[in-house]
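Please work through the following exercises with the sequence and the structure at hand. Each task is followed by a solution in steps.

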Amino acid sequence: MTTLDVADRPAPPEGPAAAGPGRARVLTLSTAGFTLMFAVWLMFGILGIPIRKEFGLTDVQLSWVTSVAILNGSIWRLLTGIAADRWGGRRVLTVMLATTAVPCVLVANARSYGALLVAAFLVGFAGNAFSVGISWNSAWWPRERQGLALGVFGAGNVGASVTKFIGPALIASVPAAGYAGGLVPGGWRFVPMLYAALLLVAAAATWRLAPRPDRRPGRGRGLREQLVPLRSVRVWRFSLYYVVVFGAYVALSAWLPKYYVDVYDVPLYEAALLTALFIFPASLLRPVGGHLSDRFGARRVMYATFAVMLAASGTLMMPYGHVTVVLADGRQRDVLPWYPGVVGFTVLVVVLGVAMGVGKAAVYKHIPEYFPGDVGAVGGLVGMLGGLGGFFLPPVFAYAQRWSGAPQSTFGVLFLVTAAAALWMHLTVHRMLHAGSPHLADSFEHAAGTPAAATPREVLT
């Protein structure tokens, strides 16, 4: 039997007991801080348009500015999750908020492409706040409500839309010369300076208002002991799921404004608003996904998520144009025209966002169920690999478009990644059904009144 067959059952109940009185403050502070950090992490989705113009960048060069920020927002998630388990989310989140203000100032003062790449990489550290919040909330909320609590926290992904809304207006309204004799820069550079100030305020609020003493499920445990669960193949499977529902979300949040501008020739502010229509359901539906996972099981939710994503991305990846049919008499007829307008394209993208929002919560519902004492480590690794998907996908989108000459190749890439994750999940479930009920391997029907054999718990969860 494989590891997937034998041990794919939830660990026995342990971890946080009934919620403490400070859990609401933990959820509020962590969600607010994460929303701000997420806005900082993905600000280049909008700032990239004026940056491309000022620095004279190609699409591939611009994709690397976005990607290096995503990279640094992913590679430390394992360690920050472990740190939150060991030292408490209050301490770790406060430090992260305060230190991220520094690279925001560096972005605002970058004067060359090289300096911008370095500053973008450093500011990307903001993305690692996710694993801290997952660990912190898991320690404070009871198991039967963790799906909803983690979904509410994860709705902080909506921070990706903050720059979409305020960025174009600030860029247009703040004088290019800035304020205070240029000490506060103007134009697009004002946005990261504003974020730097807000990060310091959020750090002070988190330190001052978070409940004490904090909960630290990893206190007194060695690093090697905390890393043991990462040997499980299941963890890596969950990570691929998260690449699909989160990594692709991050990549599209940064990629769609450029897509709208280049393909549909819409102004930047309109591209930002249309992208926000994707971001909102992909973020705000996480609590719904958590509730559905609590009620119906995370695996059922994942099946629905993958099915919807495959249908939407499969439609979006279809080549624009028509098929020309040559008739017997030599006449030609154009059939099957396909070119979605802005409205049709946006509707399909919003459908993708809905599926991603629900699916992100379902992935993280698995983690406290199966690894209740190691949420920081496991959640950190899953978040890290999911974020790395967001790092690799924008350059892949750019190279796929360069190779094919078709902008919709972006969604062809997404279709293939989603299909791989869905296939792995289905094969795992299929193997466990055979292992758990081998006598039913060839049975597809039951006589009336004859109960089916018990279904393995993994299939239900």
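**Exercise 1: Serine 313**

Serine 313 touches Leu352, Phe411, Leu414 and Phe415, when residues up to four places away in sequence are not counted; contact means heavy atoms within 4.5 Å. The model is predicted, so local features need pLDDT of at least 70 and side-chain atom pairs pLDDT 80 or more, while totals for chains, interfaces and linings use all residues. Residues are numbered from 1 along each chain as its sequence is written, and side-chain values use heavy atoms, with hydrogens and water left out.

Task: State whether serine 313 is buried or exposed.

Solution. Step 1: buried means under 20% relative accessible area, exposed over 50%, and partly exposed in between (1.4 Å probe, protein chains only). Step 2: the relative accessible area of serine 313 is 0%, so this residue is buried.

**Exercise 2: Helix H13**

Solution. Step 1: the expected span is 1.5 Å times one less than the number of residues; helices are DSSP runs (H or I, at least four residues), numbered from the N terminus.

Task: Locate the kink in H13.

Solution. Step 1: the bend at a residue is the angle between axes fitted to the seven residues ending there and the seven starting there. Step 2: the kink, of about 40 degrees, is centred on valine 243.

Task: State how many residues of H13 are buried.

Solution. Of its 32 residues, 27 are buried.

Technical notes. Helix = DSSP H or I, 4+ residues; strand = E, 2+ residues; numbered from the N terminus.
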